[in-house]
Amino acid sequence: MGAKRLGKTFTYLLLSFGCMLIVLPLYITLVTAMKTPAESLRSFLTLPSGLMLDNFDTVISHSGYWRSFGNSLLITVIVLCGNVLIMPPLSYAVTRSMGYSRVFRVLYYYLLIGIFIPFQVKMIPLVKMMSSFGLNHPVGLAILCIGSNTCESTFLYVGYMQSLPSEIEEAAYIDGASPARTFYETVMPLITPILATSLIKEALWIWNDFMLPLLILNKNEYFTLTLFAYNFKSTDNTDFGPLFACYMLQMAPMLIFYLFAQKHIIGGLTAGAVKG
Amino acid sequence: MSVKGKGNNGNTLIQRSRRTTFMLFSLPGVLLYSVFFIYPVGLGIYYSLTDWNGITRDWNVVGFQNYITLFSNTRYQKAMSFTLRYAVLLVLFTLVLSVVLALLLDKPLKGMTFYRGMFFLPAVLCGITISLVFSQIFMRVLPLLGSALNLDFLKKSLLGRKETAQYGILFVNLWQGVAMPTVLMLAGMQTVPNELYESAKLDGADGWHCFWKITMPFLLPTVTIVAILTLKGGLGVFDYIKGLTDGGPNNSTISLSLLIWQDAFNRQKFSTAVAEAIIMSLILIAFSVVQITFSNRKKVY
């Protein structure tokens with residue numbers, strides 16, 4: 001019994017140490033954001049002496065903050081809408097036609113090629129391509145992201161739709177519903193779980209993405225929140241409070257999102273990780 | 001793949017309207033995918049065969065010249081060896097840490113849901129912001145701590161020294177990168193039938209034995225996939241380096257991705273950069289093929 005209790009204590013000790021390692025950087029970010037540099041230099045670990053929000057104010061009143069926030073939000077919304085509007089119908093057509101239509105079977109494999117192609121191959125040509133299309137702005141980036149994520153979404157949706165019985169659809173056809181109506185009224189409601197998974201995954205990717213915005217968006221007015229944080233400099237180097245406030249503000253939306261949708265996020269991020 | 005053979009003559013009115021609808025359903029997605037995914041890949045392969053510097057109006061097709069010169073390019077070789085070493089270290093640490101964490105989190109104790117939630121948290125944060133936070137911590141907080149505790153190795157920033165910079169990057173990468181593998185390992189551990197542990201206990205096997213003889217064989221498919229995913233991540237490392245050292249100190253932490261970036265945008269060696277990217281991608285594709293083979297085999301279980 002004694003050994004068992006020892007093991008239990010040991011487990012909790014290790015886990016708590018791990019948790020501390022994870023929380024500490026976030027804690028330091030939060031408290032440093034609420035202190036003056038002089039106060040921080042005395043100790044980075046102590047709690048702030050009061051609820052000082054000046055540093056946050058500095059970041060928020062920066063002309064670029066809300067614009068970047070808006071750009072990030074705009075890109076995320078367009079990408080998610082694009083996914084919902086374009087990818088499920090495509091996946092449905094592929095799933096239900098693959099069995100008898102050669103065209104769609106070829107299409108399926110054409111879409112799957114993307115899974116094998118790493119981002120690095122197109123990383124540099126993308127820059128030239130997007131500027132020659134005149135698409136080096138947030139909306140252009142969003143369109144690019146919808147296209148880039150095609151294979152991953154289709155892979156998830158097709159896998160899920162294959163497990164759906166086709167009898168309900170057949171019944172709808174017999175009742176005289178058009179194929180489009182059948183899809184939107186009987187299939188779409190059934191795929192909401194996988195739709196949620198795919199959207200969560202995509203939202204996290206878009207909101208946190210750094211490389212694509214860095215490549216495509218070169219003007220200050222087009223910056224996303226990650227680019228804003230990357231380029232944010234305090235007016236002088238010794239005043240690092242606003243810097244931490246800026247990082248905190250970039251992470252805050254995701255932290256809150258995680259707080260409320262933890263289960264869905266863990267499920268969403270790990271689904272398809274094994275395959276994609 | 002499900003095979004739907006019903007009414008495949010395709011002549012009835014319903015069949016025809018279904019076909020048209022499906023074509024229309026597929027069109028936007030296929031178009032976006034072709035223009036924004038496949039086209040730039042083709043463009044990249046083409047550029048790699050030219051001598052374009054990324055700026056001039058015209059260029060010549062030079063065949064495989066860009067690839068051949070890479071063999072004698074010391075910058076490229078240095079980046080390649082840095083990246084390989086980094087990726088191997090990342091895989092080893094990720095595997096050990098995620099298996100240990102998953103074993104701890106798998107215990108039927110109180111509060112495990114809380115701990116699991118905490119350990120997954122880094123996965124939802126932004127890699128570049130995390131790197132920027134850590135670069136500030138390395139620069140300001142740790143040296144202060146080093147002076148307070150009189151620890152010499154902390155007094156100067158870890159990222160400022162050639163020997164330690166890559167371990168600083170590795171630490172931040174692991175801080176965020178262990179979360180997902182841990183959850184995958186945990187899921188893998190659920191596939192082990194409980195009876196096996198029970199009968200092993202009756203036979204007097206200890207925990208160490210149980211782990212290697214029972215848990216590990218069941219976990220092996222997950223371990224393989226985590227290893228390959230992490231390897232691919234490590235070979236492509238960019239954000240952490242950009243946020244922490246930007247290749248420094250003294251060009252000691254230039255990864256392949258960063259080299260490609262620098263060659264393309266700072267050094268006007270556009271076509272060389274594309275060739276470098278394609279070589280790197282071929283390596284990644286090889287690992288993806290291995291990964292898909294393994295995950296298909298996993299289904300047989």
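1. Basis of the values. In this predicted model, local features need pLDDT of at least 70 and side-chain atom pairs count only at pLDDT 80 or more, whereas totals for chains, interfaces and linings use all residues. Residues are numbered from 1 along each chain as its sequence is written, chains are lettered from A in the order in which they are written, and side-chain values use heavy atoms, with hydrogens and water left out.

2. Confidence in chain B. The average pLDDT (the predictor's confidence in each residue, from 0 to 100) is 86 for chain B, and 94% of the residues score at least 70. Residues 1-10 of chain B have a pLDDT below 50, and this stretch has 17 contacts (heavy atoms within 4.5 Å) in the model beyond near neighbours in sequence.

3. Contact between the chains. Chain A brings 97 residues to the contact and chain B brings 98 residues. The buried area (accessible area, with a 1.4 Å probe, that two parts lose on being put together, summed over both) is about 8,900 Å² between chain A and chain B, with carbon and sulfur atoms giving 77% of that area.

4. The chain A side. Helix α1 (residues 2-33) of chain A gives the most to the side that touches chain B, with 15 residues; helices here are DSSP runs of H or I with at least four residues, numbered from the N terminus.

5. Domains of chain A. An automatic or database assignment gives the bounds: domain 1 covers 31-41 + 50-62 + 232-276, and domain 2 covers 71-221. Their centres, taken over C-alpha atoms, are 30 Å apart, and the contact takes 12 residues from domain 1 and seven residues from domain 2.

6. Interface of the domains. Domain 1 and domain 2 of chain A bury about 970 Å² between them, 77% of it on carbon and sulfur atoms. In domain 1, M254(A), G268(A) and L269(A) lose the most area to domain 2, together 38% of what that side buries. The count of salt bridges between these domains is zero.

Methods: Helices (H or I, at least four residues) and strands (E, at least two) are DSSP runs, numbered from the N terminus. A salt bridge is a side-chain nitrogen of Lys or Arg within 4 Å of a carboxyl oxygen of Asp or Glu.
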